[in-house]
Amino acid sequence: MSILDPATDSPRQVKERLVETWSDDPGTPGFFSTVDHKRVGHRYLVTSFVFFLIGGVEALIMRAQLTGPDANLVSPELYNRMLTMHGTTMFFLFLGTIIAAWGNYIIPLAIGARDMAYPRMNALSYWVFLFAGIFLYLSFFVGAIPDGGWFAYVPLTTEYSEGLAMDFWALGVVFVGISSTVGAINFIVTTFKMRAPGMTMSRLPLVVWSTLTTSFMILLSFPAITLAPLLMAFDRIIDTHFFDAALGGDPLLWQHLFWFWGHPIVYIVFLPPIGWLYMIIPTFTGRPIAGYTWAVAATVATGFISFGVWVHHMFATGLPDVTASFFSVASLGVSFPTAVAFFVFTATLWTARRIRWTAAMLWAVGALVSFVIGGISGVMVAVMPFDWQAHDTYFIVAHLHYVLVAGNVLPMFAAFYYWLPKVTGWMLDERLGKYSFWVTVVGLHLLFFPQHWLGLVGMPRRVYTYPEGLGWETANLVSTVGAALFALGVLISIVNFFWSRRRHVAAGSNPWGAGTLEWATTSPVATYNFAQIPTVRDRYPLWADDGEVVADPVGIDPQPGGVVLAPEEEHHETLETVGLDARYGGVLEMPGPSYWPLWTAASTFLAFFGFLIHNAATLGIGIAAVIVSLLRWHAGHITGEDH
Amino acid sequence: MLTTFASGTQPREHLRVRSVRRGTRVSAVVASSLALTGCSLSGTLAPRGPDAQIAANIWWYMLWLSAAIFVGWLALFVVAMVRRPTGEIDEEHEQRLHRRFIVGGGIVLPSIAFASLFVIDLLGIAALPQGDEVVVDAVGYQFWWEFAYEHPELVTANELYIPTDTDVQVRLRTEDVIHSFWVPQLSGKRDMVPGRTNVLTLHATEPGRYLGECTEFCGVQHANMRFEVVAVPPDEYQQWLDDMVAPAAEPQTEDQRRGYDAFMTASCAACHVIRGTPADGRAGPDLTHFAQRRWLGAGAAPNDRGHLGGWVVNPQSIKPGSTMPPVELDAEDLPVLLDYLESLE
């Protein structure tokens, strides 16, 4: 630890030492060994977005087939594969990982830390995500694409599914779950231990609150989605009978386990995006969020309630009415925290002196307004006599896509327009961003709003075709047109990205005049994040009382007397704080770059691959390699030679 | 109207009379507004039984309630975006205002929705028909339906006959994967789960043919797993039962007789039952009164001579993934086989 002494260290010397200490090796070695949360977050962003596009193309194939009745554009087999991989890709490789992407990038910055609490675990969670994605998509290259639905109901996916297709699914899902769990532990510890001094829990940015809540939800719900597919893989590969009714198993056990994860995951993937909106909207209204405590309470309450509603996916399975009605009422109860969140936003806007209609703000407001529709239809399907009609029809397709697109995809674009300048150092074009918004949001509503109607007039979900004469033609046509518009809107933003990159309009450290700590560093962010660890006295440290941006943001330059942590011996050092009020707790020596997270993930891939092809030797080698990688990973650290 | 769920000594009668009339009125309004877009009310919005009627009533209540809430909130939100408060910022005043917003919109408003939906939810469940004046069995297969009636031999495929104005209890089972039994105009859906028997009560207030669908993803031909519920007046239903119990019609013409022989010698008889003949396979639908059916392959194609010929020669071309294999026939056997099948009234 070092307190900057103006007599001996000039700020320039200290800065040079920080750069030297925190930079990765150049080129390939640095690429594979980095543990920098920003590089990891950047990879998460790119990989998740690529999977978003892949999942989107799968959706477009389905929409094209459903444009008119009795179409023969794709075979029923291919349709069902697209159906399965669209849902699987979106949930496991996009919705759940884009929140980790922004979490990784933004959270350490927003709390004034230099890295995540466990940088190597952070690298591991990314590598595992990447390898699990490759594992799932390997199925395309061996012609065994999963086709049993992303919800994979047994026994269709066990006794009635041959070949490797559903083995890919079951093992791929278990694999990717490791990544989420590792990431969740990291976010929790980072939030509790790495906040800058003075950042009490009541000064914590709301995006951190929502990611913290989500991380606990991941820890509690992901065991179910690890266990269930593992049991499925056992049933399929080593002939156990967990789900086989004829031999005393129970197909409904699958559904309970699946939805015990499957409902919380919906809230897991929209709470952090609501957190992004909690950051974006105050910036462009120039005032703090209204009712901060209410917003925190609503976030945490949503997390709790999410574990009491999974049976509403199973109302039609024949459970006793009394049992089911508890879950029905709990599901109605979700309307309270959601309504609180929406009136927090409404109140914030109500007292705003001026609103700056940037592209990010447009996307954010568009997300809120669209999300309300999904929230309302969600309350409707909590009512059992109505759900028995709406369940497994296009009404539900409409509902869930409103929730997920407005609750995750639109906020993701808001976050792109808001935070990418911080990531890249240059601004995205505002005008193209606004065009992209309008096209996408009009597409969204054309795409999904008519599907409510389709469900009510009787169109079931997951059908590859439908006959003429049932009155479903017009709405399906409109829906496909909407899908095309939606895709065009996304495309405009992609074009915007590459165009803006060439134009390269420098962003500066705080282009929006925001109040939170991530804007107190340079853009793009220096490898060490903050030259001087900031001390926090307010929820919006960069804003003075009158809402004006503080002229000299903390953290960019080392100040005489500030806590700098730039040791001569080039350790990664950052501050540890303790207690809910973030008191100074000591100096943490952080692990540096390492190849072992990559090797651990690659070895895990080998083990899963061995299980997949029923090859005990490959499985054994994979497990052994995992153990060796983990030992090597920690050995260096324990003996200290790693520094 | 929703209080009718719990009122009176004969809640169902009461409900039906009142709510059907109301439903018609609402339907008329909505139908006329939708006529412009070329849509008409069908499915769950055209209920023909008390169960579907309750769901439809709840839907219309929720639609107006949520439309009011959405429009009200949106108006507030838009005003919040366009208004520009000026003057000194009074922190305390702002906080009071914020609290009023959040408590009003986040606690009071959802309480109203929550309380009313809670009551409607429970009353709705309690008011659903649960009688068993007639009991039928429905069994799901990949990708068709079998219905068994209160007579040991009588089964039909993909067409379920029920008497009107009668509580018909349907016992739901599956022979393979999970399916879900749904007749949107009559009642909510219920799953067919391996190892379990679920029950559902159908009650049609009007004679007619109602579309039924499988609503649980059950494999490659989940989309073509439809059926029809044929509701007829009770006396007609009795008559139908008596007719159907009779074995299949004897072949009458020479062609039909040759078709009969072709059926028995080709692979057909291994999978299909025709009562009164040696054909006793149980893997596929019972064909005893096959010619009465309107559809082939659980709604995959209409039951006319052209489609039937195509279906027999290669079902995979009409319904790829169907469990019925192509039938190998001599060219001259096909027309007479069709003659025979068409005689099975």
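Me: Which residue does B:Gln169 stand opposite in β8(B)?
Reply: B:Gln169 stands opposite B:Thr201 there. Keep in mind that this is a predicted model: local features need pLDDT of at least 70, side-chain atom pairs count only at pLDDT 80 or more, and totals for chains, interfaces and linings use all residues. Residues are numbered from 1 along each chain as its sequence is written, while chains are lettered from A and ligands numbered from 1 in the order in which they are written.

Me: OK, and how many bridges join β5 of chain B to β8(B)?
Reply: 5 bridges join strand β5 (residues 168–174) of chain B to β8(B), and the two run antiparallel. Strands here are DSSP runs of E with at least two residues, helices are runs of H or I with at least four, and both are numbered from the N terminus. Two strands pair if DSSP finds at least two bridges between them.

Me: What holds paired strands together in general?
Reply: Strands of a sheet pair through backbone hydrogen bonds, either parallel or antiparallel.

Me: What's the strand order in that open sheet of chain B?
Reply: The order is β3-β2-β1-β5-β8, so 5 strands with mixed pairing. At the edges are β3 (155–157) and β8 (198–202) of chain B, each pairing on one side only.

Me: And chain B as a whole, how many helices and strands?
Reply: Chain B has 8 helices and 12 strands. Of its 345 residues, 41% count as buried, where buried needs 20 or more other C-beta atoms within 10 Å of the residue's own, exposed is 12 or fewer, and partly exposed is in between, with C-beta atoms placed from the backbone.

Me: Switching to chain A: where is A:Leu588?
Reply: A:Leu588 is in strand β2 (residues 583–590) of chain A.

Me: Why does A:Leu588 count as partly exposed?
Reply: Because A:Leu588 has 19 other C-beta atoms within 10 Å.

Me: Which residues does A:Leu588 touch?
Reply: Leaving out residues up to four places away in sequence, A:Leu588 touches A:Glu573, A:Thr574, A:Leu575 and A:Glu576. Contact means the C-beta atoms, placed from the backbone, lie within 7 Å.

Me: Last topic: how many residues does each chain give to the contact between them?
Reply: Chain A gives 64 residues and chain B gives 71. On the side of chain A that touches chain B, α11(A) gives the most, with 11 residues. That side divides into 39 nonpolar, 18 polar and 7 charged residues. Nonpolar covers Ala, Val, Leu, Ile, Met, Phe, Trp, Tyr, Cys and Pro, charged covers Asp, Glu, Lys and Arg, and the others, Gly among them, are polar.

How values were computed:
Two residues are in contact if their C-beta atoms, placed from the backbone, lie within 7 Å.
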